[in-house]
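Welcome, and thanks for taking a look at this one with me. Here are a few notes to read alongside the model.

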Amino acid sequence: MTVLEARGLHLLAGGHTVLSQVSARFEPGQVTAILGANGAGKSTLLAALAGLSRPVGGEVLLDEAPLLDLPPRRRARRLGFIPQIPEIAWGLEVRTVVGLGRLPWLGARGLSGEDEAAVDRALAAARVEDLAARDITTLSGGERARALIARALAGEPEWLLADEPYAGLDPRHALEAGDLFRRLAGEGAGVLLTLHDLTLAARLADRILVLGHGRVLADGPPAKAMTPEVLAAAYGIDARLRTTEQGLSVDILGRWS
Amino acid sequence: MKRISTPVVIAGLAVALVLLAAASLMAGRVWVPLNAWTGADPRWVIILELRIPRTLLAIVVGAALGMSGAALQGYTRNPLADPGVLGVSSMAALGAVISLYFGFYAPVLGGAPWLMPLCAMAGALIGVLVLIGLTGQAPGTVTFVLAGVVLNIVAGAGVALALNLAPNPWAVNEIVNWLMGSLTDRSFADLQMSAPFVAAGLVLLLFTGRALDALTLGETGAQSLGISLSCTRLLLALGVGLAAGASVAVTGVIGFVGLVTPHLLRPFLGPRPAGLLLPSALGGAVIVLAGDILVRLIPSAAEVRLGVAMAALGGPFFLGLLLIQRRRLS
């Protein structure tokens, strides 16, 4: 069992403080959604938790040891990260891109049989097997998003950190992605996502972390964390959480001026 | 186009290289056919003293430029990158011109021959470091090309200043002749001065392969895969600095090899940057060797300089590339 923990994080973005005194402990086997308005520091926090930036204060711990003390390759084996704006420079085949996810595991001789098997599993899990031979730059936004989820899964990490993985996904593929994240958590991985869709977050996540005004506004199960007061403070909206037959639902009634 | 497996492409390039090397030993003002390749024939001296070092140097320089181009294109994620376009070659040339200007290379003036490659490599290294420094915060095609423009202007101004202030017409003549880029009348001493540095640079560049692949996913993507960006930049700067710097030091500026070679190989091998490094070294050697044979065969009063010929061929190629890119962007 591995535990990812933020302890007193103080984070900058573009030279300005976006978050201070962020402490949170993440257990594996759960899906956690990080919510907050634009500029609240969701991506900044996720990058710090992935060990991709150095906080000006506090630290990120993986199994009680400082994450940044871990050699990059070892860190990359344990934490998979999907950036918000996928950048793809060359017209590589989807299978080759997914294979890049095996880089932290590669020996001197390139992809082994075991690596290829992991790539196959990742392609299947993200439902992009039929796209495997396609040039990734010719895919639609949603197809590309799924291919990049497969890329992160190929490394078979203990933690999956995804920054807005739903951008560009149609409703059906969004549901499939949700099932995938839930299944990963069911298999014992830890999943951390930043999201904008409140209803989606409420139904998908075991735990919600709401950021706003440079700190954590709420942290807990959806029904506890997504109160009208918290949503008003985080987004400046008037919203209510409601239980329906399909699960939780967030009704947005208007905005506070 | 149909992809061809890497070993087949490498084997094909190697065969082409061997055939061209044989042709390079034969071709020139004096034709030396195969049956004259013995110590008994007086023409053997031409082969031994002129053609063998020239041929080997063409291979060394071509490999250095080809792989540097492939590595820079991989790192910048920009198919228009190459040591010439990004100003690295000009900075190396500036270093070499400074050593020519002050006579560092001439033993009679208290200098040593190896100071010229050293100055050129220092120039190239500074060039790559400035390039990486200028583009560190906002890497992107535009910043890289602009940084290259800046370096080219600065280096060009430095070279012009050296010509302007040159103490005598011979110094001007020497600098201008050398700047045009050529393999004519190079000796084993030139080979000794460049080959070890080029070899070291190429080895360093080969180690960047996986990082270049990972950079396909952007800097954050590469970092999340456990790639150390600072380590990659250091390897790249040292590798290109040594390889391109040492070749510019002995041959002057030969442009467009680094730009063209990866382009010609991509249709066969695919665009994965690591897979292009070694084939680009071989491909660059093939192109420089072929070009050098061609300039020897052009029936002109003075030999057309290789650097001039490459620029004449490379210009239209670059233009074509721009037009294709523009169509893709629009």
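**Notes for a first look**

1. H3(B) and H6(B) cross in a right-handed way (right-handed if the near helix is turned clockwise from the far one by less than a right angle, left-handed if anticlockwise). Helices (H or I, at least four residues) and strands (E, at least two) are DSSP runs numbered from the N terminus.

2. This is a predicted model, in which local features need pLDDT of at least 70, side-chain atom pairs count only at pLDDT 80 or more, and totals for chains, interfaces and linings use all residues. Residues are numbered from 1 along each chain as its sequence is written, while chains are lettered from A and ligands numbered from 1 in the order in which they are written.

3. Back to the helix pair: H3 (residues 88-101) and H6 (residues 169-179) of chain B pack at about 155°, their axes 10 Å apart. The two are therefore roughly antiparallel (an angle over 145 degrees). H3(B) brings B:Ala93, B:Val97, B:Leu100 and B:Tyr101 to the contact, and among the residues from H6(B) are B:Glu174 and B:Trp178.

4. In chain A, an open sheet of 4 strands runs in the order S2-S1-S4-S5 with antiparallel pairing (strands pair if DSSP finds at least two bridges between them). Strands S2 (16-26) and S5 (65-66) of chain A are the edges, each pairing on one side only. S4 (residues 57-62) of chain A joins S5(A) over 2 bridges, and A:Leu62 has A:Ala65 as its bridge partner.

Key. Axes fitted to C-alpha atoms, helices over the stretch in contact; angles between N-to-C directions. Parallel < 35°, antiparallel > 145°, perpendicular 65-115°, else oblique. Contact = placed C-beta atoms within 7 Å.
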